[in-house]
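Let's take a walk through this chain, starting with the overall picture and then zooming in on a strand and a helix pair. Have the structure open as you read.

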Amino acid sequence: GEPRDVYEVEEVDSPMAKLDFIKFETKYIEACLDFIQSRLLLPKTPTPTPVMKATGGGAHKYTKLLCEKLGVRVDKEDEMSCLIKGCNFLLTHLPNESFIWERDANPHYQFQSLEPNIFPYLLVNIGSGVSILKVESENSYRRIGGTSMGGGTFWGLGSLLTKARGFDELLDLAESGEHKNVDMLVGDIYGGPYEQMSLPADLTASSFGKAARASKESIDTTKKFDDADKAKSLLHLISNDIGPIAYLNARLHNLDRIYFGGFFIRGHPVTMRTISFGINYWSKGTIKALFLRHEGYLGAVGAFLKGAEEEKIDLGFWTENLASSSGFYDQTIAQSPPPVPYDVLELDQIKSTLVPLPLIKNLTSYVPDLVNLSEDEEARQYWIRRFTEAIPQIADLAVRSQSSSTDAQKRARRFDNEYRKQLGILINKPNAFGTLTVRSLFDTLQQCLAECSFPDPYVNQNERKRTRFGSRARPISAIRCDGIRGKTVSRY
(Lines give C-alpha, C1' and ligand atoms only; values in the text may rest on other atoms or scores of the structure.)
Protein backbone atom coordinates (compact mmCIF):
# COMPACT_ATOMS: atom_id res chain seq x y z
CA GLY A 1 0.00 0.00 0.00
CA GLU A 2 0.87 3.67 0.09
CA PRO A 3 3.63 4.60 2.61
CA ARG A 4 2.42 6.32 5.76
CA ASP A 5 4.07 9.54 6.93
CA VAL A 6 5.81 9.41 10.27
CA TYR A 7 4.77 12.98 10.95
CA GLU A 8 3.36 16.00 9.23
CA VAL A 9 5.36 19.25 9.18
CA GLU A 10 3.62 22.59 9.46
CA GLU A 11 4.83 25.95 10.78
CA VAL A 12 1.98 27.92 12.28
CA ASP A 13 2.67 31.43 13.54
CA SER A 14 -0.39 31.70 15.77
CA PRO A 15 -0.67 34.23 18.60
CA MET A 16 0.16 32.90 22.05
CA ALA A 17 -1.51 34.30 25.13
CA LYS A 18 0.95 35.74 27.65
CA LEU A 19 0.72 37.12 31.14
CA ASP A 20 3.32 39.63 32.32
CA PHE A 21 3.61 40.46 36.02
CA ILE A 22 6.07 43.27 36.69
CA LYS A 23 7.17 44.16 40.20
CA PHE A 24 8.32 47.65 41.26
CA GLU A 25 9.12 48.85 44.76
CA THR A 26 6.49 51.22 46.16
CA LYS A 27 8.97 54.10 46.25
CA TYR A 28 8.96 53.97 42.43
CA ILE A 29 5.17 54.25 42.16
CA GLU A 30 5.32 57.19 39.72
CA ALA A 31 7.75 55.36 37.44
CA CYS A 32 5.56 52.26 37.71
CA LEU A 33 2.48 54.19 36.57
CA ASP A 34 4.44 55.75 33.70
CA PHE A 35 5.47 52.24 32.68
CA ILE A 36 1.84 51.02 32.78
CA GLN A 37 0.56 54.10 30.96
CA SER A 38 3.02 53.62 28.11
CA ARG A 39 1.73 50.08 27.57
CA LEU A 40 -1.95 50.46 28.43
CA LEU A 41 -4.22 49.69 25.48
CA LEU A 42 -7.43 51.62 25.99
CA PRO A 43 -10.39 51.30 23.58
CA LYS A 44 -10.64 54.03 20.95
CA THR A 45 -14.43 54.18 21.05
CA PRO A 46 -16.28 55.55 24.12
CA THR A 47 -16.97 52.75 26.57
CA PRO A 48 -17.49 52.47 30.32
CA THR A 49 -14.38 53.43 32.30
CA PRO A 50 -11.82 50.57 32.23
CA VAL A 51 -11.50 48.64 35.48
CA MET A 52 -8.17 47.91 37.17
CA LYS A 53 -7.99 45.15 39.79
CA ALA A 54 -5.86 46.07 42.81
CA THR A 55 -5.10 44.50 46.17
CA GLY A 56 -3.03 45.13 49.29
CA GLY A 57 -2.53 48.38 51.16
CA GLY A 58 -1.54 50.21 47.98
CA ALA A 59 -4.99 49.56 46.50
CA HIS A 60 -6.38 51.94 49.12
CA LYS A 61 -3.42 54.30 49.50
CA TYR A 62 -2.97 55.01 45.79
CA THR A 63 -6.57 54.81 44.54
CA LYS A 64 -6.77 58.49 43.61
CA LEU A 65 -3.37 58.46 41.90
CA LEU A 66 -4.27 55.35 39.87
CA CYS A 67 -7.58 56.83 38.73
CA GLU A 68 -6.15 60.20 37.74
CA LYS A 69 -2.98 58.93 36.07
CA LEU A 70 -4.39 55.96 34.17
CA GLY A 71 -8.03 56.97 33.69
CA VAL A 72 -9.35 53.76 35.23
CA ARG A 73 -11.73 52.71 37.97
CA VAL A 74 -9.98 50.81 40.75
CA ASP A 75 -11.70 47.62 41.89
CA LYS A 76 -10.21 46.66 45.27
CA GLU A 77 -9.91 42.95 46.08
CA ASP A 78 -9.38 41.39 49.51
CA GLU A 79 -5.65 40.97 50.15
CA MET A 80 -5.71 37.56 51.85
CA SER A 81 -8.08 36.10 49.27
CA CYS A 82 -5.76 37.21 46.46
CA LEU A 83 -2.68 35.86 48.25
CA ILE A 84 -4.23 32.41 48.60
CA LYS A 85 -5.54 32.34 45.03
CA GLY A 86 -2.16 33.43 43.66
CA CYS A 87 -0.29 30.91 45.79
CA ASN A 88 -2.55 28.03 44.70
CA PHE A 89 -2.13 29.01 41.05
CA LEU A 90 1.68 29.16 41.12
CA LEU A 91 2.04 25.94 43.14
CA THR A 92 -0.12 24.01 40.66
CA HIS A 93 1.23 25.52 37.43
CA LEU A 94 4.95 26.19 37.81
CA PRO A 95 7.46 23.38 38.40
CA ASN A 96 10.18 24.38 40.87
CA GLU A 97 7.99 27.13 42.34
CA SER A 98 8.64 25.97 45.90
CA PHE A 99 11.95 24.97 47.41
CA ILE A 100 13.70 23.98 50.63
CA TRP A 101 16.79 25.96 51.59
CA GLU A 102 19.53 23.76 53.10
CA ARG A 103 22.55 25.49 54.56
CA ASP A 104 24.88 22.48 54.29
CA ALA A 105 23.60 21.15 50.96
CA ASN A 106 25.12 21.78 47.53
CA PRO A 107 23.24 23.42 45.99
CA HIS A 108 21.43 25.17 48.85
CA TYR A 109 18.17 25.20 46.87
CA GLN A 110 16.22 21.91 46.83
CA PHE A 111 13.37 22.57 44.39
CA GLN A 112 10.11 20.66 44.69
CA SER A 113 8.19 19.00 41.85
CA LEU A 114 4.56 19.73 41.04
CA GLU A 115 2.23 17.69 43.22
CA PRO A 116 -1.30 16.52 42.31
CA ASN A 117 -2.72 17.77 45.62
CA ILE A 118 -1.22 20.69 47.54
CA PHE A 119 -3.87 20.87 50.29
CA PRO A 120 -3.92 21.37 53.21
CA TYR A 121 -1.02 23.69 53.93
CA LEU A 122 0.03 26.63 56.08
CA LEU A 123 0.90 29.93 54.41
CA VAL A 124 3.01 32.31 56.46
CA ASN A 125 2.81 35.68 54.73
CA ILE A 126 5.53 38.04 55.94
CA GLY A 127 4.81 41.62 54.97
CA SER A 128 4.85 44.59 57.35
CA GLY A 129 3.55 42.13 59.93
CA VAL A 130 2.96 38.39 59.71
CA SER A 131 -0.30 36.59 58.92
CA ILE A 132 -0.58 32.81 59.25
CA LEU A 133 -3.29 31.17 57.17
CA LYS A 134 -4.55 27.60 57.07
CA VAL A 135 -5.48 26.68 53.48
CA GLU A 136 -7.71 23.61 53.19
CA SER A 137 -8.90 23.84 49.58
CA GLU A 138 -9.11 26.22 46.63
CA ASN A 139 -11.79 28.31 48.35
CA SER A 140 -11.48 27.31 52.00
CA TYR A 141 -8.97 29.11 54.21
CA ARG A 142 -8.81 31.13 57.41
CA ARG A 143 -6.34 33.21 59.38
CA ILE A 144 -5.27 31.27 62.46
CA GLY A 145 -2.52 33.48 63.84
CA GLY A 146 0.23 36.00 63.27
CA THR A 147 2.62 38.46 64.86
CA SER A 148 3.38 42.16 64.55
CA MET A 149 7.11 41.35 64.24
CA GLY A 150 7.53 41.36 60.47
CA GLY A 151 9.20 43.19 57.62
CA GLY A 152 7.98 46.56 58.86
CA THR A 153 9.65 45.90 62.22
CA PHE A 154 12.93 45.00 60.52
CA TRP A 155 12.83 48.08 58.32
CA GLY A 156 11.72 50.44 61.10
CA LEU A 157 14.23 49.35 63.73
CA GLY A 158 16.93 49.04 61.05
CA SER A 159 16.36 52.68 60.11
CA LEU A 160 16.82 53.68 63.75
CA LEU A 161 19.87 51.51 64.39
CA THR A 162 21.79 51.95 61.12
CA LYS A 163 22.35 54.46 58.33
CA ALA A 164 20.70 52.23 55.71
CA ARG A 165 18.36 54.25 53.48
CA GLY A 166 16.09 51.49 52.21
CA PHE A 167 14.92 47.90 52.69
CA ASP A 168 17.29 46.40 50.12
CA GLU A 169 20.23 48.35 51.49
CA LEU A 170 19.40 47.06 54.97
CA LEU A 171 19.32 43.46 53.68
CA ASP A 172 22.65 43.94 51.89
CA LEU A 173 24.08 45.36 55.09
CA ALA A 174 22.88 42.33 57.06
CA GLU A 175 24.49 39.99 54.52
CA SER A 176 27.95 41.33 55.36
CA GLY A 177 27.41 41.50 59.14
CA GLU A 178 28.28 39.12 61.98
CA HIS A 179 25.48 38.78 64.52
CA LYS A 180 27.64 37.19 67.23
CA ASN A 181 29.36 40.58 67.70
CA VAL A 182 26.04 41.93 68.98
CA ASP A 183 24.05 38.88 70.14
CA MET A 184 24.79 36.98 73.32
CA LEU A 185 25.32 33.31 72.50
CA VAL A 186 24.96 30.21 74.67
CA GLY A 187 28.75 29.96 74.61
CA ASP A 188 29.08 33.49 76.04
CA ILE A 189 27.08 32.42 79.07
CA TYR A 190 28.33 28.87 79.67
CA GLY A 191 31.74 29.02 78.01
CA GLY A 192 30.61 26.35 75.54
CA PRO A 193 27.50 24.29 74.71
CA TYR A 194 24.84 23.66 77.35
CA GLU A 195 24.90 19.91 76.80
CA GLN A 196 22.24 19.01 79.37
CA MET A 197 19.68 21.04 77.37
CA SER A 198 21.24 20.12 73.98
CA LEU A 199 21.97 23.80 73.24
CA PRO A 200 25.00 24.37 70.96
CA ALA A 201 27.50 27.08 71.85
CA ASP A 202 26.69 29.17 68.75
CA LEU A 203 22.93 29.33 69.47
CA THR A 204 21.61 32.83 70.17
CA ALA A 205 20.66 33.16 73.83
CA SER A 206 19.80 36.87 73.75
CA SER A 207 19.39 39.10 70.70
CA PHE A 208 21.42 42.32 71.16
CA GLY A 209 22.53 40.92 74.52
CA LYS A 210 26.09 42.20 74.19
CA ALA A 211 24.82 45.75 73.71
CA ALA A 212 23.43 45.68 77.27
CA ARG A 213 26.85 44.83 78.71
CA ALA A 214 28.57 47.41 76.52
CA SER A 215 26.25 50.19 77.70
CA LYS A 216 27.66 49.87 81.21
CA GLU A 217 31.18 50.35 79.94
CA SER A 218 30.61 53.21 77.50
CA ILE A 219 27.96 55.87 77.02
CA ASP A 220 28.48 55.90 73.22
CA THR A 221 27.65 52.33 72.17
CA THR A 222 27.33 53.27 68.48
CA LYS A 223 31.11 53.21 68.10
CA LYS A 224 31.35 49.70 69.54
CA PHE A 225 29.01 47.99 67.07
CA ASP A 226 29.15 48.02 63.29
CA ASP A 227 25.98 48.82 61.33
CA ALA A 228 26.27 45.53 59.43
CA ASP A 229 26.43 43.54 62.69
CA LYS A 230 23.37 45.33 64.05
CA ALA A 231 21.44 44.71 60.83
CA LYS A 232 22.38 41.00 60.92
CA SER A 233 21.32 40.69 64.55
CA LEU A 234 18.02 42.41 63.80
CA LEU A 235 17.34 40.11 60.84
CA HIS A 236 17.99 37.09 63.08
CA LEU A 237 15.71 38.52 65.75
CA ILE A 238 12.74 38.84 63.37
CA SER A 239 13.33 35.53 61.57
CA ASN A 240 13.92 33.59 64.80
CA ASP A 241 10.58 34.85 66.09
CA ILE A 242 8.65 33.81 62.97
CA GLY A 243 9.94 30.23 62.74
CA PRO A 244 8.70 28.90 66.12
CA ILE A 245 5.34 30.70 65.80
CA ALA A 246 4.79 29.11 62.38
CA TYR A 247 5.76 25.65 63.62
CA LEU A 248 3.49 25.82 66.69
CA ASN A 249 0.53 26.82 64.50
CA ALA A 250 1.28 23.96 62.10
CA ARG A 251 1.46 21.48 64.98
CA LEU A 252 -1.73 22.82 66.54
CA HIS A 253 -3.60 22.23 63.26
CA ASN A 254 -1.83 18.97 62.33
CA LEU A 255 -0.15 20.37 59.19
CA ASP A 256 3.22 19.26 57.86
CA ARG A 257 3.55 21.64 54.91
CA ILE A 258 4.52 25.26 55.66
CA TYR A 259 5.04 27.81 52.87
CA PHE A 260 6.67 31.15 53.61
CA GLY A 261 5.85 34.08 51.35
CA GLY A 262 5.76 37.85 51.35
CA PHE A 263 8.12 40.58 50.26
CA PHE A 264 10.23 40.31 53.43
CA ILE A 265 11.99 37.12 52.30
CA ARG A 266 12.89 38.10 48.71
CA GLY A 267 15.12 35.04 48.28
CA HIS A 268 17.54 36.39 50.88
CA PRO A 269 19.80 33.52 52.12
CA VAL A 270 20.18 34.78 55.70
CA THR A 271 16.40 35.07 56.17
CA MET A 272 15.72 31.64 54.67
CA ARG A 273 18.52 30.02 56.65
CA THR A 274 17.25 31.42 59.95
CA ILE A 275 13.60 30.48 59.34
CA SER A 276 14.64 27.02 58.11
CA PHE A 277 16.75 26.48 61.21
CA GLY A 278 13.83 27.42 63.46
CA ILE A 279 11.38 25.04 61.74
CA ASN A 280 13.93 22.21 61.65
CA TYR A 281 14.98 22.75 65.29
CA TRP A 282 11.50 22.84 66.80
CA SER A 283 10.09 20.03 64.63
CA LYS A 284 13.19 17.88 65.24
CA GLY A 285 13.66 17.61 61.49
CA THR A 286 10.17 16.30 60.71
CA ILE A 287 9.04 19.47 58.88
CA LYS A 288 10.95 21.57 56.36
CA ALA A 289 10.30 25.24 55.65
CA LEU A 290 9.16 25.76 52.06
CA PHE A 291 9.84 29.02 50.23
CA LEU A 292 8.43 30.43 46.99
CA ARG A 293 10.41 31.73 44.04
CA HIS A 294 7.72 34.30 43.26
CA GLU A 295 6.52 35.24 46.73
CA GLY A 296 6.30 38.91 45.76
CA TYR A 297 3.73 38.19 43.01
CA LEU A 298 1.07 36.24 44.93
CA GLY A 299 -1.35 39.12 45.44
CA ALA A 300 -1.05 40.44 41.88
CA VAL A 301 -1.59 36.97 40.38
CA GLY A 302 -4.61 36.44 42.65
CA ALA A 303 -6.14 39.81 41.69
CA PHE A 304 -5.77 38.96 38.01
CA LEU A 305 -7.44 35.57 38.54
CA LYS A 306 -10.36 37.29 40.32
CA GLY A 307 -10.89 39.47 37.26
CA ALA A 308 -10.66 36.49 34.91
CA GLU A 309 -13.30 34.65 36.95
CA GLU A 310 -15.65 37.62 36.77
CA GLU A 311 -15.20 37.78 32.99
CA LYS A 312 -15.69 33.98 32.80
CA ILE A 313 -12.36 33.55 30.98
CA ASP A 314 -11.11 29.98 30.70
CA LEU A 315 -7.43 30.40 31.52
CA GLY A 316 -6.30 26.82 30.92
CA PHE A 317 -2.75 25.87 31.84
CA TRP A 318 0.28 28.16 32.05
CA THR A 319 4.03 27.75 32.20
CA GLU A 320 6.88 30.13 33.03
CA ASN A 321 8.70 31.80 30.16
CA LEU A 322 12.32 31.28 31.22
CA ALA A 323 13.58 33.56 28.44
CA SER A 324 11.70 36.64 29.69
CA SER A 325 11.29 36.17 33.46
CA SER A 326 13.71 37.45 36.08
CA GLY A 327 15.71 34.97 38.12
CA PHE A 328 16.82 35.25 41.74
CA TYR A 329 18.55 38.60 42.34
CA ASP A 330 18.24 39.59 38.67
CA GLN A 331 16.43 42.81 37.89
CA THR A 332 15.75 44.73 34.70
CA ILE A 333 16.44 48.46 34.64
CA ALA A 334 13.75 50.62 33.08
CA GLN A 335 15.16 52.73 30.26
CA SER A 336 13.24 55.91 31.02
CA PRO A 337 15.01 58.26 33.47
CA PRO A 338 15.60 57.89 36.30
CA PRO A 339 16.80 54.25 36.09
CA VAL A 340 14.29 52.08 37.99
CA PRO A 341 14.84 48.37 38.84
CA TYR A 342 11.98 45.93 38.41
CA ASP A 343 11.36 42.16 38.28
CA VAL A 344 9.37 40.25 35.67
CA LEU A 345 7.35 37.05 35.77
CA GLU A 346 6.11 36.07 32.31
CA LEU A 347 3.72 33.16 31.80
CA ASP A 348 2.85 31.49 28.48
CA GLN A 349 -0.46 29.74 27.94
CA ILE A 350 -0.37 26.09 26.94
CA LYS A 351 -3.36 25.32 24.76
CA SER A 352 -3.14 21.56 25.28
CA THR A 353 -4.35 20.03 28.51
CA LEU A 354 -1.46 18.49 30.42
CA VAL A 355 -2.11 15.35 32.46
CA PRO A 356 0.26 12.96 34.25
CA LEU A 357 1.32 9.92 32.21
CA PRO A 358 -0.60 6.96 33.67
CA LEU A 359 2.48 4.72 33.36
CA ILE A 360 4.28 6.71 36.07
CA LYS A 361 3.86 4.71 39.25
CA ASN A 362 4.72 7.46 41.77
CA LEU A 363 4.36 11.05 40.56
CA THR A 364 5.84 12.50 43.76
CA SER A 365 9.16 10.67 43.45
CA TYR A 366 9.39 10.67 39.63
CA VAL A 367 12.28 12.75 38.29
CA PRO A 368 12.36 13.03 34.46
CA ASP A 369 15.90 14.44 34.27
CA LEU A 370 18.93 12.17 34.64
CA VAL A 371 21.45 14.93 35.44
CA ASN A 372 20.96 17.88 37.79
CA LEU A 373 23.19 20.57 36.32
CA SER A 374 22.76 22.68 39.44
CA GLU A 375 24.68 20.05 41.40
CA ASP A 376 27.16 18.84 38.77
CA GLU A 377 29.40 21.77 37.86
CA GLU A 378 31.42 19.82 35.30
CA ALA A 379 28.26 18.72 33.48
CA ARG A 380 26.86 22.27 33.69
CA GLN A 381 29.99 23.74 32.11
CA TYR A 382 29.92 21.09 29.36
CA TRP A 383 26.26 21.49 28.39
CA ILE A 384 26.21 25.29 28.50
CA ARG A 385 29.36 25.33 26.38
CA ARG A 386 27.73 22.99 23.83
CA PHE A 387 24.55 25.08 23.68
CA THR A 388 26.64 28.26 23.29
CA GLU A 389 28.64 26.73 20.44
CA ALA A 390 25.41 25.78 18.66
CA ILE A 391 23.93 29.31 18.69
CA PRO A 392 25.33 30.46 15.29
CA GLN A 393 24.06 27.31 13.58
CA ILE A 394 20.60 27.61 15.17
CA ALA A 395 20.42 31.30 14.21
CA ASP A 396 21.32 30.39 10.62
CA LEU A 397 18.62 27.69 10.55
CA ALA A 398 16.12 30.20 11.94
CA VAL A 399 16.86 32.63 9.10
CA ARG A 400 16.63 29.85 6.50
CA SER A 401 13.26 28.76 7.91
CA GLN A 402 11.90 32.22 7.03
CA SER A 403 13.97 33.07 3.96
CA SER A 404 11.26 35.32 2.54
CA SER A 405 11.17 37.53 5.66
CA THR A 406 12.91 40.91 5.37
CA ASP A 407 13.77 41.15 9.08
CA ALA A 408 14.78 37.52 9.76
CA GLN A 409 18.48 38.45 10.07
CA LYS A 410 17.70 41.17 12.59
CA ARG A 411 15.55 38.82 14.69
CA ALA A 412 18.23 36.12 14.51
CA ARG A 413 20.80 38.55 15.93
CA ARG A 414 18.38 39.37 18.71
CA PHE A 415 17.94 35.66 19.45
CA ASP A 416 21.73 35.24 19.53
CA ASN A 417 22.09 38.06 22.08
CA GLU A 418 19.17 36.98 24.27
CA TYR A 419 20.08 33.31 24.50
CA ARG A 420 23.75 34.10 25.22
CA LYS A 421 22.61 36.42 27.99
CA GLN A 422 20.43 33.69 29.55
CA LEU A 423 23.23 31.13 29.37
CA GLY A 424 25.56 33.66 30.99
CA ILE A 425 23.17 33.99 33.91
CA LEU A 426 22.82 30.21 34.29
CA ILE A 427 26.55 29.47 34.25
CA ASN A 428 26.99 31.62 37.38
CA LYS A 429 23.53 31.25 38.94
CA PRO A 430 22.31 27.77 38.01
CA ASN A 431 19.33 28.02 40.38
CA ALA A 432 18.05 31.31 38.94
CA PHE A 433 14.96 29.61 37.47
CA GLY A 434 14.75 26.41 39.49
CA THR A 435 16.63 23.14 38.99
CA LEU A 436 18.88 23.46 35.95
CA THR A 437 18.72 20.52 33.55
CA VAL A 438 19.42 19.83 29.89
CA ARG A 439 15.65 19.93 29.38
CA SER A 440 15.39 23.44 30.87
CA LEU A 441 18.23 24.61 28.60
CA PHE A 442 16.20 23.33 25.63
CA ASP A 443 13.06 25.00 26.98
CA THR A 444 14.89 28.32 27.31
CA LEU A 445 16.25 27.91 23.78
CA GLN A 446 12.77 27.31 22.34
CA GLN A 447 11.31 30.24 24.28
CA CYS A 448 14.08 32.59 23.10
CA LEU A 449 13.38 31.51 19.52
CA ALA A 450 9.63 32.02 20.00
CA GLU A 451 10.22 35.48 21.51
CA CYS A 452 12.04 36.36 18.28
CA SER A 453 9.18 34.93 16.16
CA PHE A 454 10.95 31.71 15.14
CA PRO A 455 8.46 29.01 16.17
CA ASP A 456 10.39 26.23 14.38
CA PRO A 457 13.84 26.88 12.87
CA TYR A 458 14.07 23.18 11.93
CA VAL A 459 11.02 23.21 9.66
CA ASN A 460 13.07 22.79 6.48
CA GLN A 461 15.14 19.96 7.92
CA ASN A 462 12.03 18.17 9.12
CA GLU A 463 10.45 18.47 5.69
CA ARG A 464 13.53 16.91 4.04
CA LYS A 465 13.57 14.07 6.57
CA ARG A 466 9.89 13.42 5.98
CA THR A 467 10.40 13.21 2.22
CA ARG A 468 13.54 11.08 2.44
CA PHE A 469 12.61 8.59 5.11
CA GLY A 470 8.81 8.61 5.09
CA SER A 471 8.50 5.60 2.80
CA ARG A 472 10.94 3.47 4.82
CA ALA A 473 10.02 4.36 8.40
CA ARG A 474 7.83 1.86 10.20
CA PRO A 475 4.97 3.75 11.83
CA ILE A 476 4.57 3.01 15.50
CA SER A 477 1.94 5.60 16.23
CA ALA A 478 -0.59 3.18 17.64
CA ILE A 479 1.03 0.94 20.21
CA ARG A 480 -1.48 -0.23 22.76
CA CYS A 481 -0.24 -0.28 26.35
CA ASP A 482 -1.78 -2.36 29.08
CA GLY A 483 -3.23 -0.55 32.05
CA ILE A 484 -4.18 2.67 30.23
CA ARG A 485 -7.88 1.91 29.94
CA GLY A 486 -7.63 0.85 26.32
CA LYS A 487 -6.37 4.26 25.09
CA THR A 488 -3.63 4.63 22.51
CA VAL A 489 -0.29 6.23 23.26
CA SER A 490 1.39 8.04 20.37
CA ARG A 491 5.11 7.38 20.13
CA TYR A 492 7.65 8.46 17.54
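## The chain as a whole

Of the 492 residues in the chain, 43% are buried. Keep in mind that this is a predicted model. You'll find 15 helices and 17 strands in the chain.

Strand E1 covers residues 18-23, and its side chains alternate. Leu-19, Phe-21 and Lys-23 point to one face and are buried.

Which way does E1 pair with strand E15 (residues 340-350), parallel or antiparallel? The pairing is antiparallel, over 6 bridges. To find your place in it, look for Ile-22, which stands opposite Val-344 in E15.

## Where H9 meets H10

Now turn to helix H9 (residues 227-252) and helix H10 (residues 269-282), which pack at an angle of about 35 degrees with their axes 8 Å apart. The crossing of H9 past H10 is right-handed.

On the H9 side, the contact includes Leu-235, His-236, Gly-243 and Tyr-247. Across from them, H10 brings residues including Val-270, Arg-273, Ile-279 and Trp-282. Sorted by type, the residues of this H9 and H10 contact come out as 8 nonpolar, 6 polar and 2 charged.

Terms used:
Residues are numbered from 1 along each chain as its sequence is written. This is a predicted model: local features need pLDDT of at least 70, side-chain atom pairs count only at pLDDT 80 or more; totals for chains, interfaces and linings use all residues. Side-chain values use heavy atoms; hydrogens and water are left out. Axes are lines fitted to C-alpha atoms, for helices over the stretch in contact, and angles run from 0 to 180 degrees between N-to-C directions. Helices (H or I, at least four residues) and strands (E, at least two) are DSSP runs, numbered from the N terminus. A crossing is left-handed if the near helix is turned anticlockwise from the far one by less than a right angle, and right-handed if clockwise. Contact means heavy atoms within 4.5 Å. Ala, Val, Leu, Ile, Met, Phe, Trp, Tyr, Cys and Pro count as nonpolar, Asp, Glu, Lys and Arg as charged, and the others, Gly among them, as polar. Buried means under 20% relative accessible area, exposed over 50%, partly exposed in between (1.4 Å probe, protein chains only). Two strands pair if DSSP finds at least two bridges between them.
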